[in-house]
Amino acid sequence: MASDQKNGSTPAQQERGDVIKTPGDTDYDPDEDLGEKNLTTYFETLLHMLKVSLGTGVLAMPKAFANAGYLLGMIGTIIVGVLCTYTTQMLVQSEYELSRRLRVPSMTYPQTFEAAFSEGPKRCRPFAKAAGVTCNLILFLLQCGLSCVYMVFVADNLKAVLDQYIGTTDIRLYMACLLGPLIILCWFGNLKYLAPLSFFGNSMTMICYCITFWYVLTDLPSFSTRKAVVDLKQFPLFIGTALFAMEAISVVIPLKNEMKRPAQFRGSFGVLNCSMVPITILYLLVGLGGYLKYGDAARGSISLNLPTSEVPAQCVKLMLAFSVLISNTVLTYVTSTILWEEFLKSRFENSKRKVVWELSARAFLVLATFVIAASIPNLELFISLIGALGLANLGLAFPVIAETLTFWDRYHGCWFFFFILKNICLLLAAIYAFFIGGATSIITIYEKLMDGTLF
């Protein structure tokens with residue numbers, strides 16, 4: 001043990017085989033150990049953060065407001081925005097502190113969560129490995145859930161346009177038509193081949209947003225025509241949708257790790273805070289405007305509320321469908337890569353049909369997301385369910401747990417009491433979002449299934 005302390009390593013570090021810096025390097029700063037990377041600037045990272053946060057979720061905010069009312073929706077959006085920002089800061093601060101202790105340049109989200117247990121109180125250390133596996137598994141399931149949402153989104157928008165020309169068609173048939181292209185695209189060996197399509201899709205998305213907002217903001221009804229607060233039984237659906245829309249926890253650490261000056265991601269005027277302020281304001285305005293425009297009739301994507309017979313509105317739906325299809329392809333590729341690399345590759349490493357098994361795994365994942373999406377082809381309920389079950393954990397609960405275990409011995413006396421009390425309150429909010437939000441979504445899905453309005 002004396003030699004371990006002399007080298008500056010801990011038993012947890014030696015067990016994981018972490019690389020330790022020069023003996024006696026007690027002032028190690030992960031922000032200075034950047035290695036050879038194509039590092040991004042403050043402004044570039046800010047743009048990336050805005051881009052990943054302004055996905056399909058912003059189009060779901062009017063439906064979120066329909067489950068809360070305009071007054072409760074505005075208050076709730078601000079609260080969710082502040083919570084998401086604060087808990088993300090907690091995760092980033094914990095990752096920095098743990099990287100400093102372990103003398104490694106950076107860590108992924110699952111590695112951070114595992115390290116929080118292994119470097120935390122002694123009673124928690126035996127659960128470190130299980131914590132890392134759990135975090136990795138939930139991240140994987142979340143990505144699968146997002147793929148399901150994207151598939152429903154694409155099918156919904158295609159159906160809204162094509163039904164005008166070929167007659168009413170079951171949405172599941174549109175999903176089935178997407179299977180072939182998705183399987184072929186996810187077989188691509190390198191995402192660089194999809195880069196031109198992604199750029200084209202992103203450009204179309206910006207055009208779609210402009211046209212959609214023009215429709216929404218034209219001839220808005222007065223506040224007196226809408227409810228300030230709706231039935232509170234629906235509020236958990238608002239929480240799930242808002243979390244889905246505003247939470248980007250899975251990309252935060254990778255973006256921070258690619259910065260020239262990672263310290264600029266944290267802090268009062270860091271990338272995180274400076275990106276989340278306009279994001280929260282935009283989500284609030286879109287949710288409020290969409291709810292005033294369409295009221296309780298707001299759909300899971302506001303694009304579905306646009307006029308079905310007008311050409312600009314039809315173009316919006318088709319372009320959004322194409323853009324999200326490309327996003328879903330990238331997401332499916334990443335998810336299937338995790339499935340293969342983390343769980344299956346070692347089983348088929350020496351097989352002569354290794355490539356066949358890998359391609360089969362990718363195809364199976366697409367088929368699995370199709371089956372799940374076809375089982376619940378209701379966009380707004382799917383979004384709320386994924387937000388409640390997935391992002392309540394990764395976006396709220398896990399960062400709170402990581403910070404508690406990382407800094408549990410830093411505070412003393414009354415400060416320790418307030419530190420624990422604050423984190424208990426945040427954990428209770430996460431538990432509410434997970435159990436109440438998830439249960440409400442599942443019950444609503446069941447009720448719609450029973451009365452035949454789910455499909």
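Where is the place of P307? In this predicted model, P307 sits in the loop between helix 12 (271–294) and helix 13, where helices are DSSP runs of H or I with at least four residues, numbered from the N terminus. P307 is partly exposed, at a relative accessible area of 26%; buried here means under 20% relative accessible area, exposed over 50%, and partly exposed in between, using a 1.4 Å probe and protein chains only. Going back 15 residues along the chain from P307 brings up L292, and the two C-alpha atoms are separated by 16 Å.

A quick word on conventions. Residues are numbered from 1 along each chain as its sequence is written, and side-chain values use heavy atoms, with hydrogens and water left out. The model being predicted, local features need pLDDT of at least 70 and side-chain atom pairs count only at pLDDT 80 or more, while totals for chains, interfaces and linings use all residues.

On to the charged pairs. Searching the whole structure turns up 8 salt bridges, each being a side-chain nitrogen of Lys or Arg within 4 Å of a carboxyl oxygen of Asp or Glu. One of them joins R101 and E97, with N to O at 2.9 Å. Both residues belong to helix 5 (residues 70–102) and lie 4 residues apart, about one turn of the helix. E97 is buried at 7% relative accessible area, whereas R101 is partly exposed at 22%.

E97 also pairs with R410, and here the closest N and O atoms are 3.6 Å apart. R410 lies in the loop between helix 15 (379–406) and helix 16 (414–450) and E97 in helix 5, so this pair ties together parts that are 313 residues apart in sequence. R410 itself is partly exposed, with 47% relative accessibility.

D163 is buried, its relative accessible area being 15%.

Helix 7 also packs against another helix. Its axis and that of helix 13 (residues 311–344) come within 8 Å and cross at roughly 155 degrees; axes are lines fitted to C-alpha atoms, for helices over the stretch in contact, and angles run from 0 to 180 degrees between N-to-C directions. Helix 7 and helix 13 are therefore roughly antiparallel, the label for angles over 145 degrees. The residues of this contact split into 19 nonpolar, 10 polar and 2 charged, where Asp, Glu, Lys and Arg count as charged, Ala, Val, Leu, Ile, Met, Phe, Trp, Tyr, Cys and Pro as nonpolar, and the others, Gly among them, as polar.

Finally, a few loop residues. N67, in the loop between helix 4 (57–66) and helix 5, is buried at 7% relative accessibility. R103 is in the loop between helix 5 and helix 6 (109–118) and has a positive phi of about 55 degrees although it is not a glycine; R103 is buried at 12% relative accessibility. D219, located in the loop between helix 9 (195–217) and helix 10 (235–246), likewise has a positive phi, near 55 degrees, without being a glycine. D219, however, is exposed, with a relative accessible area of 69%.

Key:
Helix = DSSP H or I, 4+ residues; strand = E, 2+ residues; numbered from the N terminus. Parallel < 35°, antiparallel > 145°, perpendicular 65-115°, else oblique.
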